[in-house]
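Thanks for making time this morning. I would like to walk you through one model, so please have the sequence and the structure open while I talk.

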Amino acid sequence: MKICVIGAGVLGLGIACELSAAGHAVTVVERERPFAGASRRSFAWINANNKFPSSYHSINAEGIRAHAQLQERLAHTRSEDGETWFHVSGGILADFGGERTATYAKRIADAEAEGYPVRRVAAAELRELEPAIAWPEDLDEALLHPSEGYLDNDVLGEVLQAALAQRGVEIRTAEAVRVESGTAAGDSAAGGGTDGAADGVGGAAGLAGGARVHFSDGSSEAFDRIVVAAGAASRELAAASGLSIPMADLSTASERTHSLLGLTQPADVDLRHVFISDRINVRPRHDGRLWVQVPRVEARVAEGESPELLAEVSAVMEEELERLFGVRVPMETVIFSGRSFPEDGLSIIGFLDEAETVYCAVTHSGMTLAALFAQLTAQELAGEESALLADFRPSRFTEGRTAGGRSTSADDAYFIGKQ
Ligand SMILES: Cc1cc2nc3c(=O)[nH]c(=O)nc-3n(C[C@H](O)[C@H](O)[C@H](O)COP(=O)(O)OP(=O)(O)OC[C@H]3O[C@@H](n4cnc5c(N)ncnc54)[C@H](O)[C@@H]3O)c2cc1C
């Protein structure tokens with residue numbers, strides 16, 4: 001089939017890779033540059049920690065496994081020495097506050113209910129596991145989630161682009177302003193259009209009708225299938241197309257939709273795990289820098305982005321880094337970052353139209369889910385529906401269905417590790 005993927009974030013590039021590997025003729029359209037959106041400014045903790053309901057936990061747990069498979073397949077794409085970007089470092093979760101006993105009991109109970117690996121780690125072992133941290137005397141234990149890790153997202157982005165280039169897939173700089181659903185399977189109309197654009201005729205005749213992408217320069221092109229993977233902007237693209245992808249509106253910043261993400265200068269700190277706590281989240285990067293979040297400043301996104309805010313947050317991050325490591329770690333930058341966040345916090349993945357020509361893949365936790373969603377999108381476009389995705393169909397919003405089970409953490413407003 002001839003397929004257009006709209007958006008070159010981690011989801012769009014991952015999906016394009018799987019589709020091209022399956023032999024489809026794929027074009028990626030991206031209005032800025034690859035990884036221009038959330039995928040560039042992500043903490044990229046790969047985890048299924050504290051994720052509800054059960055079906056959402058399951059896809060995130062599968063997402064971790066899918067990254068290992070993807071890495072195995074693409075490790076030699078850019079270099080012969082088997083470059084890696086997915087690091088199963090394990091995640092340490094610490095509560096420095098007075099609620100530690102209750103926090104750990106709840107997190108262990110939730111993890112065990114899902115069969116998600118977790119264990120308590122006493123102070124002496126913590127010092128061995130993470131000698132770079134200046135563990136306070138009164139912190140008697142923390143939790144270790146051994147299956148978790150992090151993605152060097154910039155490296156993954158480059159590897160995906162290299163894999164696509166090797167397969168001759170074009171990443172075209174163009175803005176999609178509207179998509180048009182095709183006709184039902186069997187009624188092939190590929191190449192036909194409403195505005196007389198004659199380009200892009202193709203696809204396997206008889207497989208599907210011609211869906212069409214309209215671009216901001218007035219041109220349009222027909223495809224057998226369209227995949228909308230435009231992150232937060234998927235909402236407007238769908239609305240302009242008479243479709244619905246209910247994403248959170250980023251025009252007003254809130255803790256739900258935005259985050260303040262810090263990047264340090266290259267640091268002489270040998271951090272070995274993803275470290276998540278009530279004071280600071282920090283994880284290593286391939287170039288010696290560290291990604292940082294400080295929960296107590298997150299609410300300040302409501303003030304809106306300003307150089308003053310970013311400077312103040314940078315100072316708070318340096319303070320927390322020094323408190324954690326006992327040495328000064330200078331910040332390089334703080335990014336005021338909008339999330340790609342479906343209205344109910346869960347993923348939206350599946351066909352948007354009855355004819356099944358326009359597919360959508362948007363989600364928060366997209367770093368964790370990218371490799372899995374890429375595999376499953378290719379599978380579903382080939383006609384094989386995935387039971388794993390049943391709770392995350394776009395139709396749930398119009399049908400008033402919610403995913404089964406608890407949809408949020410009991411302490412939803414704030415919980416350790418909130419991304
Ligand atoms: C601060 C922060 C921390 C995070 N931490 C984690 C974490 O620890 N773990 C985790 O799993 N996830 C995390 N996430 C979420 C994760 O980063 C995102 O879910 C993921 O990057 C979404 O990828 P995407 O490809 O869907 O969207 P994006 O990366 O936003 O890509 C969408 C692309 O589409 C392009 N585009 C938009 N509209 C159009 C159009 N009309 N035409 C053409 N192109 C278009 C954009 O330019 C962009 O390049 C975090 C996100 C943020 C912001």
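I will go through the domains, the boundary between them, the ligand, and then a few local details of the backbone and the charged pairs.

Please keep in mind throughout that this is a predicted model.

Let me turn to the boundary. The size of an interface is often given as the accessible area lost when the parts come together. Here, the area buried between domain 1 and domain 2 is about 2,100 Å², and carbon and sulfur atoms give 49% of it. On the domain 1 side, the residues that lose the most area to domain 2 are R41, F43 and W45, which together account for 34% of what that side buries. Counted by contact, 22 residues of domain 1 meet 28 residues of domain 2.

What about polar interactions across this boundary? The rule finds 13 residue pairs in polar contact between domain 1 and domain 2, counting pairs in which both residues have pLDDT 80 or more. As for the elements involved, those giving two or more residues to the side of domain 1 that touches domain 2 are β3 (45–46), α2 (54–74) and α5 (153–166). That side of domain 1 consists of 10 nonpolar, 7 polar and 5 charged residues. The rule also finds 2 salt bridges across the interface.

Next, the ligand. There are 36 residues surrounding the ligand, and the closest are E30, S39, A176, G366 and T368. Two of these residues also bring backbone atoms to the ligand: a backbone N or O atom of A176 lies 2.8 Å from a ligand nitrogen, and a backbone N or O atom of T368 lies 2.8 Å from a ligand oxygen.

Now for the loop between β3 and α2, where both N50 and P53 are found. Most residues other than glycine have a negative phi, and most peptide bonds are trans. N50, although not a glycine, has a positive phi of about 60 degrees, and the peptide bond joining F52 and P53 is cis, with omega at about -5 degrees.

Finally, the charged pairs. How many salt bridges does a search of the whole structure find? The search finds 31. One of the pairs is R100 with D140, whose closest N and O atoms are 3.1 Å apart. This pair links distant parts of the chain, since R100 is in helix α3 (residues 100–114) and D140, 40 residues apart from it, is in the loop between α4 (123–129) and β7 (141–145). Another salt bridge joins R285 and D154, with 3.6 Å between the closest N and O atoms.

Methods: Residues are numbered from 1 along each chain as its sequence is written. This is a predicted model: local features need pLDDT of at least 70, side-chain atom pairs count only at pLDDT 80 or more; totals for chains, interfaces and linings use all residues. Side-chain values use heavy atoms; hydrogens and water are left out. Contact means heavy atoms within 4.5 Å. Buried area is the accessible area (1.4 Å probe) that two parts lose on being put together, summed over both. A salt bridge is a side-chain nitrogen of Lys or Arg within 4 Å of a carboxyl oxygen of Asp or Glu. A polar contact is a pair of N or O atoms within 3.5 Å; within protein, one must be able to donate a hydrogen and the other to accept it, and residues adjacent in sequence count only if both atoms are side-chain atoms. Helices (H or I, at least four residues) and strands (E, at least two) are DSSP runs, numbered from the N terminus. Ala, Val, Leu, Ile, Met, Phe, Trp, Tyr, Cys and Pro count as nonpolar, Asp, Glu, Lys and Arg as charged, and the others, Gly among them, as polar. A residue is near a molecule or strand if one of its heavy atoms lies within 4 Å of it.
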